[in-house]
Amino acid sequence: MKKQLKTIAYCRINNNTISINGKSIITKDKDLSFSDFAKQIYKEKQLAYPKFFKMDNLCKLAFLTSEFLFEAAKLDSEIIKHTGIVLSNRASSLDTDRKHQDTINDKDNYFPSPAVFVYTLANIMIGEISIRHQIKGENAFFVSEKFNETLIEHYASSLIINRKSSHILCGWVDVDNNNYDAFMYLVAEKGSYNYSKEIIKNIYTQN
Amino acid sequence: MDALKKELKESIIEQLNLEDFTVEDIADDDTLFGDGLGLDSIDALELIVMLDKDYGIKLTDPNEGKAVFVSVEVLATYISKHRTK
């Protein structure tokens, strides 16, 4: 059974710019590292969530993107709690895996950091978003070479059709060294924008 | 001892990413876990690694860790007695 779904809102963060529903709302100096960019955004938004500083860059990116997206979507907190999450990326947790590897390369200086190690799984970002918003819905994480809007559409549609969740947070959150890119969108039966894999692909490639 | 306490506060802030804290914000007798600095279980593991890496102290008994990580004051006293580097 095919159901016509809608997109409630979408958010993109890349090149030190944050866009909501296709409109750029924040742009910072292109020379800022992602860490400094994220820190500035956190301070300016007065997020008051100290755990943010313990996160790796992948989780910081996912966290910030979801903050802006949920703010734009204006969903009831009860709906947010039951939202499903389907995210994906290319580099998995490689950015943090390398940092962990650096701490265990030298047998004579072998001090793996527990705080780094806990982020050596990409789906931890779903956990961080869930903790922040008390989300208890279904979730899935996929690794693919490119953003696969077809796979995400199938999974999100299945969750809604099978009444696992009425709203699904979908997207792509990728960090690898100095490169980062996040694109998240909220899918449900009602929303402001038409939803299909073709529309999502167009939005993603044009922004 | 004061130098060690200052060093510990700097290490705790840096290694545990306590972005909102300065050395001056942490009193010697502030509780590190629970209502004090609000550290969690991963922070405890990070402190155990810090003791090993910076002071050559290996904590293997969880109960010992609980007693040592009460405050910067207690931690500094323990380190000054047991450090090997």
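Analyst: Helices (H or I, at least four residues) and strands (E, at least two) are DSSP runs, numbered from the N terminus. The structure is a predicted model, in which local features need pLDDT of at least 70 and side-chain atom pairs count only at pLDDT 80 or more, while totals for chains, interfaces and linings use all residues. Residues are numbered from 1 along each chain as its sequence is written, chains are lettered from A and ligands numbered from 1 in the order in which they are written, and side-chain values use heavy atoms, with hydrogens and water left out.

User: Which residues is A:Val143 in contact with, leaving aside its neighbours within four places in sequence?

Analyst: Contact means heavy atoms within 4.5 Å. A:Val143 is in contact with A:Asn89, A:Arg90 and A:Ser92.

User: How are H1(A) and H2(A) packed, and which hand does their crossing have?

Analyst: Two packed helices are described by the angle between their axes and the distance between the axes. Axes are lines fitted to C-alpha atoms, for helices over the stretch in contact, and angles run from 0 to 180 degrees between N-to-C directions. For H1(A) and H2(A) the angle is about 35 degrees and the axes are 11 Å apart. A crossing is left-handed if the near helix is turned anticlockwise from the far one by less than a right angle, and right-handed if clockwise; that of H1(A) and H2(A) is left-handed. In this pair, A:Phe34, A:Ser35, A:Ala38 and A:Ile41 of H1(A) meet A:Asn57, A:Lys60, A:Leu61, A:Leu64 and A:Phe68 of H2(A).

User: How do you know whether A:Asn57 is buried or exposed?

Analyst: Its relative accessible area is 12%, so A:Asn57 falls among the buried residues. A:Asn57 belongs to helix H2 of chain A. Apart from residues up to four places away in sequence, A:Asn57 touches A:Phe34, A:Ser35, A:Asp95, A:Lys99 and A:Val175.

User: What makes A:Glu128 buried?

Analyst: A:Glu128 has a relative accessible area of 4%, and so it is called buried. Helix H6 (residues 124-133) of chain A holds A:Glu128. With neighbours within four places in sequence left aside, A:Glu128 is in contact with A:Lys51, A:Met55, A:Cys59 and A:Tyr119.

User: Why does A:Asn21 count as partly exposed?

Analyst: A:Asn21 has 23% relative accessibility, and therefore it counts as partly exposed. A:Asn21 lies in the loop between strand E2 (17-20) and strand E3 (23-27) of chain A. Its phi is positive, about 50 degrees, although A:Asn21 is not a glycine.

User: What makes A:Asn177 partly exposed?

Analyst: At 49% relative accessibility, A:Asn177 counts as partly exposed. The loop between strand E6 (167-176) and strand E7 (179-188) of chain A contains A:Asn177. Phi of A:Asn177 is positive, near 55 degrees, in a residue other than glycine.

User: Why is H1(B) called roughly perpendicular to H4(B)?

Analyst: The axes of H1(B) and H4(B) come within 9 Å and cross at roughly 115 degrees. That angle makes H1(B) roughly perpendicular to H4(B). The scale is that angles under 35 degrees count as roughly parallel, over 145 as roughly antiparallel, 65 to 115 as roughly perpendicular and the rest as oblique. The crossing of these helices, H1(B) and H4(B), is right-handed.

User: How does the reach of helix H2 of chain B stand against the expected value?

Analyst: The expected span of a helix is 1.5 Å times one less than its number of residues. Helix H2 (residues 41-55) of chain B has 15 residues and reaches 21 Å from its first C-alpha to its last, close to the expected 21 Å. The buried residues of H2(B) include B:Leu47, B:Met50 and B:Tyr55. Among the elements that cover them are helix H5 (114-117) of chain A, and helix H1 (2-15) and helix H4 (72-82) of chain B. After H2(B) comes B:Gly56, with a positive phi near 65 degrees.

Definitions and conventions:
Buried means under 20% relative accessible area, exposed over 50%, partly exposed in between (1.4 Å probe, protein chains only).
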